[in-house]
Amino acid sequence: MGRSQKENRRKYREKERMNEKESIENCYRQMYLGMTEKDQDLLSEVLDDSFVLVHMTGMRQSKTEFIQAVENGTLNYYSANHQRIEVSCHGECAELIGQSVVNAAVFGGGSHTWRLQQKLKLIKKGDVWLITESKASTY
C-alpha cells in the first residue's frame, strides 16, 4: 500500500472518530433538550432501557422513574448552558463528561442555577448511541 493510501485511510478513520464523538455529544445535548422541554419521546429516544440516573444525593432513578419525574414536575429543568463536553470512545462503549450551567427546581425546591456535571456512560446499538447511566454532581 502506497503512502498516500495509508494517509487517506488514516484521515478516514479520524473523520469517522469525529463523527462518533459528535453523535455521542449530541446525545448529551438531546437529553438536556428533552429535560428542558419535558419531551418524553425525546428522552425515550436517547436513554437506553437500562438507564439509571444517580443524583448528587446517591438516589437512583430508572429511565421510567426519571422521565416521569421530569413529566410530573418533580424535576423541572428550565435552561442548560453547556460549558464543556469531553468524550472518550472505546468501540461500542463511550463515556462523556458534560459540565453545564443549569437552571432547575427539583424535588419541591425553588429555582436555582447549578454548575452541574454529568458523567455519562453510553453504548452503541446498531448505529445509534444510547445513554445507559448518568451520575450527577456539581463542579
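## Second largest pocket

The second largest pocket holds about 160 Å³ of space. This description refers to a predicted model. The residues that line this pocket are Glu 86, Val 87, Ser 88, Glu 95, Leu 96, Ile 97, Lys 119, Leu 120, Lys 121, Glu 133 and Lys 135. Strands S3, S4, S5 and S6 each contribute at least two residues to the lining.

Sorted by class, the lining of the second largest pocket comprises six charged, four nonpolar and one polar residue.

## Largest pocket

The largest pocket has a volume of about 260 Å³. Two or more residues of its lining come from each of H1, S3, S4, S5 and S6. The lining comprises 19 residues, and His 55, Met 56, Tyr 77, Val 106 and Leu 116 are those nearest the centre of the pocket. By class, 15 of the lining residues are nonpolar and four are polar, while no charged residue is present.

In soluble globular proteins, nonpolar side chains tend to be buried together. In this model, the largest nonpolar core contains 29 residues, and Met 31, Leu 47, Phe 66 and Leu 122 have the most contacts inside it. Two or more core residues are supplied by each of helix H1 (3-36), helix H2 (40-46), strand S1 (47-54), helix H3 (63-71), strand S3 (75-90), strand S4 (93-106), strand S5 (112-125) and strand S6 (128-138). H1 provides the largest share of this core, with six residues.

Beyond its neighbours within four places in sequence, Phe 66 is in contact with Met 35, Leu 43, Leu 47, Phe 51, Leu 53, Gln 61, Leu 75 and Tyr 77.

## Ser 134 and Gln 117

Ser 134 lies in strand S6, and Gln 117 lies in strand S5. The two residues are 17 residues apart in sequence, with a C-alpha to C-alpha distance of 9.5 Å. Ser 134 has a relative accessible area of 1% and is therefore buried. Gln 117 is also classed as buried, because its relative accessible area of 11% falls under 20%.

Apart from neighbours within four places in sequence, Ser 134 is in contact with Phe 51, Val 52, Leu 53, Val 54, Gln 118, Lys 119 and Leu 120. With residues up to four places away likewise left out, Gln 117 touches Ile 97, Gly 98, Gln 99, Lys 135, Ala 136, Ser 137, Thr 138 and Tyr 139. The side chains of Gln 117 and Gln 99 are joined by a polar contact of 2.6 Å.

Technical notes
Residues numbered from 1 in each chain as written. Predicted model: local features only at pLDDT ≥ 70, side-chain atom pairs only at ≥ 80, totals over all residues. Heavy atoms only, no water. Core = buried A, V, L, I, M, F, W, Y, C linked by side-chain atoms within 4.5 Å. Buried < 20%, exposed > 50% of the residue type's maximum accessible area, 1.4 Å probe, protein only. Helix = DSSP H or I, 4+ residues; strand = E, 2+ residues; numbered from the N terminus. Contact = heavy atoms within 4.5 Å. Polar contact = N/O pair within 3.5 Å; in protein donor to acceptor, adjacent residues only side chain to side chain. 1 Å grid on protein atoms, 1.4 Å probe; cavity = no way out; pocket = protein on both sides within 12 Å on 5 of 7 lines; lining within 4 Å. Points joined across faces, edges and corners; volume = space filled by probe spheres on them. Nonpolar A, V, L, I, M, F, W, Y, C, P; charged D, E, K, R; others polar.
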